[in-house]
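Colleague: I am new to this structure and would like to learn how to read its sheets and helix packing. Please show it to me first.

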Amino acid sequence: MENREQSVNHKSQPSTAPSGQPARIRRLADNVIDQIAAGEVVERPASVLKELIENSIDAGAKRIDVEVRSGGLQSILVRDDGCGISRPDIALALARHATSKLSDFDSLESIQTLGFRGEALPSIASVSRLTLLTKTNQESHGWRVSSDGGSSISEPEPAQSGVGTEIEVQDLFFNVPARRKFLRSTSTEFSHVRKLIRQMALSRMGTELSLNHNGRRVDRYPAANSESTLKERLRSAFDAHFADNALRVEWEEDGIRASGWIGPPDYTRSQPDQQFLYVNGRGIRDRSLAHAIKQAYLDVLFDTKRFPIFALYLDIDPVLADVNVHPAKAEVRFKNPRDMYGFTIRAISGTLAGDRPGTRKMAKSAFDTVDLNRKVSFPESHQGTMALPLDSDWPKSNKRLSTTSSSKSQTATSTKPSLAPPLGFALAQLGGAYVLAENADGLIIVDMHAAHERLNYERLKQDYESSALKVQTLIVPFVIKASAEEVDVAIANQQILSKLGFDVSLASDNSLSIRSVPRILKGCDIEKLLRDVITDLIEHGNSKRVEHIRNELLATMACHSAIRANDQLSLPEMDALLRQMEVTGLSGYCSHGRPTWNQITMKELDRLFYRGQ
Ligand code: ADP
Ligand code: MG
């Protein structure tokens with residue numbers, strides 16, 4: 001192998017000769033130029049694969065088979081049933097800056113293909129042993145060419161082949177030891193390969209994709225063209241829980257569209273390793289948008305150390321996204337990055353907020369509105385908001401039924417399951433902590449404190465934002481003892497406390513007088529709560545940062561005002577809680593992202609009792 005090493009390995013020349021004379025300037029050999037260019041595009045087997053699969057997609061392939069050996073270090077093969085390359089163009093495909101996808105710079109603005117730079121194949125060829133077999137539907141047989149380190153490309157020879165292209169890349173970096181040194185173990189390289197295959201599988205749902213490793217089938221993604229096959233693909237790319245519980249994103253504003261799936265807040269990862277972002281069908285990395293998504297989850301996922309799971313597809317006018325900023329095309333530059341940031345936050349927050357009891361099934365059956373080859377079409381009703389069909393219907397039927405909220409009317413609903421609201425009707429309270437209810441599918445269990453806390457939090461937030469926080473003026477001011485520091489902080493933050501509904505003033509050096517409290521807090525331990533709020537303020541320092549911790553303050557208030565364990569609720573009170581959950585965004589999660597309710601279906605209950613087996 002060593003004797004095949006190419007020119008790039010010659011000892012480098014110092015830029016000055018020993019005589020002090022400058023070294024002569026020479027043009028680099030084409031092959032060296034290719035190898036240098038390869039440094040930007042080809043980092044490891046997975047990046048070779050990315051370029052080859054993108055070419056197959058651009059060629060209109062409906063099926064792409066990938067075979068790698070030793071994590072791709074030994075060989076990488078991509079076979080597609082695309083349009084193939086005609087005989088006269090074969091040499092050009094391997095030549096630098098030759099492409100069939102772009103003719104002038106202006107058309108880059110509206111580029112529809114993944115490739116356009118015309119440098120992947122020559123770059124890959126320059127650092128490997130490459131064989132290309134291809135046939136178009138115009139020819140009776142195919143052609144094969146091979147190249148060794150890109151220096152000598154063979155004359156095409158006739159070969160047997162179906163329509164399409166097969167490219168095999170062996171011994172990556174065999175002629176560039178410096179690069180080869182950066183390759184990792186077989187298993188590490190293979191995990192990059194596998195992730196790349198997932199990224200590709202999620203980018204073109206309608207294209208069949210398979211991966212073999214060392215002759216063994218590892219992944220197979222059949223073409224997804226129905227609700228069930230689409231779900232199957234999500235299951236293969238993520239897992240069954242995600243496929244069953246992901247929230248469907250469908251959001252559109254002013255010509256920007258977001259679609260795809262995001263994980264429920266109670267199903268996150270310790271690493272950001274299951275996050276797939278696409279812009280106009282191109283898998284990209286974007287720190288700002290990743291941050292926007294995380295930001296949107298923050299309101300429900302207080303644990304900032306966890307990462308949401310998503311496959312998110314943004315579609316925008318190509319003129320607004322420059323794809324030519326990165327040789328590997330792994331990034332795009334948005335014309336209006338701030339707009340994209342804001343839009344992404346709204347799309348994700350809105351989707352999360354739309355995840356209320358009873359909506360998830362709707363979201364799931366929205367599977368069939370997804371166009372399978374990326375160009376997602378949106379029903380008009382989704383413009384700028386989620387269509388949640390339960391809104392108008394449920395409260396109506398609730399009212400009718402809950403006025404006679406006796407156990408009799410509840411039994412009646414069991415015989416008419418279609419009339420039961422998503423969270424059903426309350427049956428009882430369990431262990432002072434849970435509300436049990438019956439809905440059409442079986443048993444509903446609600447963590448009443450967690451649910452109530454979320455409801456109060458959402459309400460406080462809304463009221464705070466619209467400056468409509470209702471205040472209760474106390475007839476007799478309430479005086480609490482406080483440390484000098486607490487008094488200082490409270491007085492320094494009088495304004496923000498007032499906006500939160502507390503009228504706090506100085507009573508003495510070590511006491512505060514409270515004249516009003518937020519009405520939502522009626523009946524809770526005001527002294528303890530105010531102390532907690534002041535502690536929050538102390539912890540976060542000066543009042544400038546208050547806006548940042550505003551939600552935290554509201555969350556503290558929500559927690560205090562929520563029903564406690566062992567609070568006894570009447571059936572109508574429980575029903576009221578359930579009805580409120582149904583119409584409040586994010587009510588399915590407590591402030592730590594844990595679920596506030598769960599369903600046990602009749603089927604699951606039957607299974608517990610071996611019924612019908
Ligand atoms: P680019 O994709 O930027 O055009 P590449 O170097 O990746 O550059 O490919 C060069 C050209 O080779 C492409 O423009 C295309 O015409 C042709 N080509 C490469 N791979 C395939 C394939 N799998 N099927 C058909 N044509 C291909
Ligand atoms: Mg390409």
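Colleague: Which residue of β23 is the bridge partner of V446?

Modeller: Two strands count as paired if DSSP finds at least two bridges between them. Here V446 has W597 as its bridge partner in β23. Strand β19 (residues 442-447) pairs with β23 in the antiparallel sense, over 5 bridges. Before going on: this is a predicted model, in which local features need pLDDT of at least 70 and side-chain atom pairs count only at pLDDT 80 or more, while totals for chains, interfaces and linings use all residues. Residues are numbered from 1 along each chain as its sequence is written, chains are lettered from A and ligands numbered from 1 in the order in which they are written, and side-chain values use heavy atoms, with hydrogens and water left out.

Colleague: In what order do the 4 strands of that open sheet come?

Modeller: Strands (E, at least two residues) and helices (H or I, at least four) are DSSP runs numbered from the N terminus. The order in this sheet is β17-β18-β19-β23, with antiparallel pairing. β17 (425-430) and β23 (597-601) are the edge strands, each pairing on one side only.

Colleague: Which strands does helix α14 touch?

Modeller: Contact means heavy atoms within 4.5 Å. Helix α14 (residues 448-465) packs on the sheet and touches β17, β18 (434-439) and β19. For directions, axes are lines fitted to C-alpha atoms, for helices over the stretch in contact, and angles run from 0 to 180 degrees between N-to-C directions. α14 makes about 65 degrees with β19. Helix α19 (residues 571-583) lies across β17, β18, β19 and β23, at about 115 degrees to β17.

Colleague: Why is one side of β10 and of β13 left without a neighbour in the sheet?

Modeller: They belong to an open sheet of 5 strands, ordered β10-β11-β14-β12-β13, with mixed pairing. β10 (247-253) and β13 (282-284) are at its edges with a single partner strand each, so one side of each has no neighbour in the sheet. β10 and strand β11 (residues 256-262) run antiparallel, joined by 7 bridges; among the pairs, V249 has G260 of β11 as its partner. Helix α10 lies across β10, β11 and β14, running at about 135 degrees to β10.

Colleague: At what angle do the axes of α9 and α10 cross?

Modeller: Two packed helices are described by the angle and the distance between their axes. The axes of α9 (residues 287-298) and α10 (residues 337-353) cross at roughly 35 degrees and come within 8 Å.
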